[in-house]
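Me: I am new to this structure and would like to learn how to read it one feature at a time. Please give me the general idea first, and then the case at hand.

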Amino acid sequence: MEDAVLKSYGELEDKVKEYNPNLNTERLRAAFEFARKAHGNQLRKDGSPFIMHPIKAAYITAEMGLDEDAVIASLLHDCIEDTPATHEEITKLFGASVADLVEGVTKLTRVVYTSKEEEQVENLRKMLMAMAKDIRVILIKIADRLHNMRTMDAQEENKRREKALETMEIYAPIAHRLGMQRVKWELEDLSLLYLDPIGYQEITEQLNERKELLESFMESIKNRIKERLAESGINGEVSGRLKHIYSIYRKMYSQNKELGEVFDLCAFRVIVDTISDCYNVLGQIHDLFKPIPGKFKDYIGTPKPNMYQSIHTTVIGSEGIPFEVQIRTKEMHHTAEYGVAAHWKYKQGITGSANEEKFAWIRSLLESQQDTDAQEFVHALKIDMFADEVFVFTPKGDVINLPAGATPIDFAYSIHSEVGNHMTGAKVNGRIVPFDHVLQNGDIVEVATSAASKGPARDWISIAKSSEARSKIKQWFKKEKREENIAHGKASFEAELKRNNIAVSALAEGDIMSVVLKKLAVTSIDDMYAAIGYGGMTALRAVNRFREELIRAHKQDKADKQAEKLAQQPAAPPKGHTVNGILVDELDNCLIKFSRCCTPVPGDKVVGFITKGYGVSVHRVQCQNYLNSKAKGEDPHRWIDVAWGETGNELYHTSLSVNADERKNLVMEIATALSAAKVKITSVSVRELPGGKAVAFLSLDVKDLNELNTAISRLSMLPAVSDVRRPGV
Ligand code: MN
């Protein structure tokens, strides 16, 4: 075993030296020894020493041509996760760059994959790329996965399927995006082996059955191309291969074909020195075989988004079997096999930070490819240019995509607005964090909610990064304001009721309120309050409606009571004569005047005073003069009962005094308020009071108490007005 380990390590060292003559062998060896010690007696499922896995994974990164740090990190890639070794230790021994790479791979390893919907899978791929930050982390992770897939046999059945599915859905597409064709093919074929062993076996068996036929066919085509190259003096390598199993599998199943019906099982490759040779070879191939129209693709002129460059053409030889020929240069070939990794290799030795290198190749990609596909690819590939996005997990493992800088608040609202509105706390990776905690790629975010939560705080709007969360919080406050509005509106409505001497308890009477709501065209009493609260409706208007209905209902009541009364007292009271709308019981045709002290209007409860020589003067029962006279017992016989008779459209003169907090604009505001209430003002005078306050005396003509009350409430609603009084009280 020990020998096998040392042998494998030796192979790795040789492989790296092949492309990196400046390798610090001691450093690589130290990494190997460190990893071997750290993994100790750990064994893999197949019984081999665990250290074999990192060595083989590192070998794959060496095949990709990765730099020394990346190869060392591959040797150490399972140390942080599986051994007592720490980031600090690795930093001390091999530097921060290696330690960060190892930590990056560890993070990806911790991402647990379970089968997901297509959109979630795409998010997960993006998240892995974003988490990796450094492209080398992804490349090491792919090497790790490739070796695990190659040695999956020893694993249990369910583990194999799980890993195969993850590889097929996550890692093979990532390898494809990175242009790593060879790795992608191998990952796909290995995944298929565990996902559909029977389908895989059928294809390999059928290919084996045809093996001799296919091999001799490929040999003959290869030779004909080689001869032609030699005749034309073109230096090139020709190879033939069967297409990889998964691509045949996909064609068979998507097109519902038998293997024999699959169009092209074979592909040939001609690798030459220069681009002009590529086009030259294309001409020779089309001269040798019959090209199939519409099957020619020039990916040299227009590279694929993943940097792939080649000429493809499909032709038919004399055997009548179609086959594909790919023509490319050596450099293009390397890129096709290793993709980004190949690019990485070419960029080695160029001075500058790793970031600059990374951006350089993305830039060159953008420059060389103007089509939208390429831009999409670059967008998906941004790695740490993913600066505008962050991907986190729900506790269930769903991936949530949020803008960079997002907080638990953004997370909660992206789940559901109710989750956000009732959030009371948040945990990231199991630890309690404040609401403004900035989420990192791969974080597992958990939100605590409570039905008792009072809702979001105002400052959440500025903490949240996503417009979704912000607008949901704003919505909540708008709704919350509705509640404030309702409370506010209810208070004004009830104050207005009080002003009109209507008890709040009257609201509960019969169906009155529901009739009122209908008339006001609102669906609920809360809607009415909210409308009053935000100013969409005045409390007065609502109260007026309510009073009308109340009166209507009471009239019915009164009529009923009167009928009862009439039945008990058959004698109707004598109908008196009305003077100025006043009915005086004892006197006919007397002179009636309305007192100036309290200016009664129809609707007021009134009392009459027989003046000396000037008929009857009418006072309100609340009039201070009347109350004083009564209290003193003066001339009790001169006070007589009077009542309002039928009043027509005559106007009654009355007055009001209005106390206000400031004089400014007072007259204008009073005039505006009263004209809106269609109350006629005959005069206004304003007197300033100490302390900037003011009092206005108004003379008005009104039809009755209703109209006067309307005027009073209008005036009371003015912001400057502190109170409105009728005189004489
Ligand atoms: Mn591993």
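This is a predicted model: local features need pLDDT of at least 70, side-chain atom pairs count only at pLDDT 80 or more; totals for chains, interfaces and linings use all residues.

Me: Which residues line the largest cavity, and how much space lies in it?

Reply: A cavity is a set of points, on a 1 Å grid over the protein atoms alone, where a 1.4 Å probe fits but cannot get out, and lining residues have an atom within 4 Å of a point. Its volume is the space filled by probe spheres set on the points, which are joined across faces, edges and corners. A search of the whole structure finds 1 cavity of 30 Å³ or more, and about 30 Å³ of space lies in the largest cavity. The lining is made by Leu 108, Val 111, Tyr 113, Leu 124, Leu 128, Glu 166, Ile 170 and Tyr 171. Two or more of these lining residues come from each of α8 (118–132) and α10 (157–177), and α10 gives the most, with 3 residues. Helices (H or I, at least four residues) and strands (E, at least two) are DSSP runs, numbered from the N terminus.

Me: Which residues coordinate the manganese ion?

Reply: Donors are N, O and S atoms within 2.8 Å of the metal (3.2 Å for Na, K and Ca), and since water is not among the atoms, sites may look incomplete. The manganese ion is held by His 53 (NE2), His 77 (NE2), Asp 78 (OD) and Asp 144 (OD), at 2.2 to 2.3 Å. Along the sequence these donor residues follow the spacing H-x23-H-D-x65-D. His 53 in helix α3 (residues 52–64) and Asp 144 in helix α9 (residues 135–150) link distant parts of the chain, being 91 residues apart.

Me: Are His 53 and Asp 144 buried or exposed?

Reply: Buried means under 20% relative accessible area, exposed over 50%, and partly exposed in between (1.4 Å probe, protein chains only). Both His 53 and Asp 144 are buried.

Me: Which way do the residues of β16 point?

Reply: In a regular strand the side chains alternate between the two faces of the sheet. In β16, Val 616, Val 618 and Arg 620 point one way, while Ser 617 and His 619 point the other way, and all are buried. Since 5 of the 5 residues of β16 (residues 616–620) are buried, the strand is largely enclosed by the rest of the structure.

Me: How many bridges join β14 to β16, and how many join β15 to β16?

Reply: Two strands pair if DSSP finds at least two bridges between them. Strand β14 (residues 592–594) runs parallel to β16 and is joined to it by 3 bridges, with Ile 592 opposite Val 616. Strand β15 (residues 606–610) runs antiparallel to β16, with 5 bridges, and Phe 609 has Ser 617 as its bridge partner.

Me: What is the phi of Asn 501?

Reply: Most residues other than glycine have a negative phi. The phi of Asn 501 is near 55 degrees, a positive value in a residue other than glycine. Asn 501 sits in the loop between α23 (467–499) and α24 (512–519), and is exposed, with a relative accessible area of 72%.

Notes:
Residues are numbered from 1 along each chain as its sequence is written. Side-chain values use heavy atoms; hydrogens and water are left out. On a 1 Å grid over the protein atoms alone, a cavity is a set of points where a 1.4 Å probe fits but cannot get out, and a pocket is an open set with protein on both sides within 12 Å along at least five of seven lines; lining residues have an atom within 4 Å of a point.
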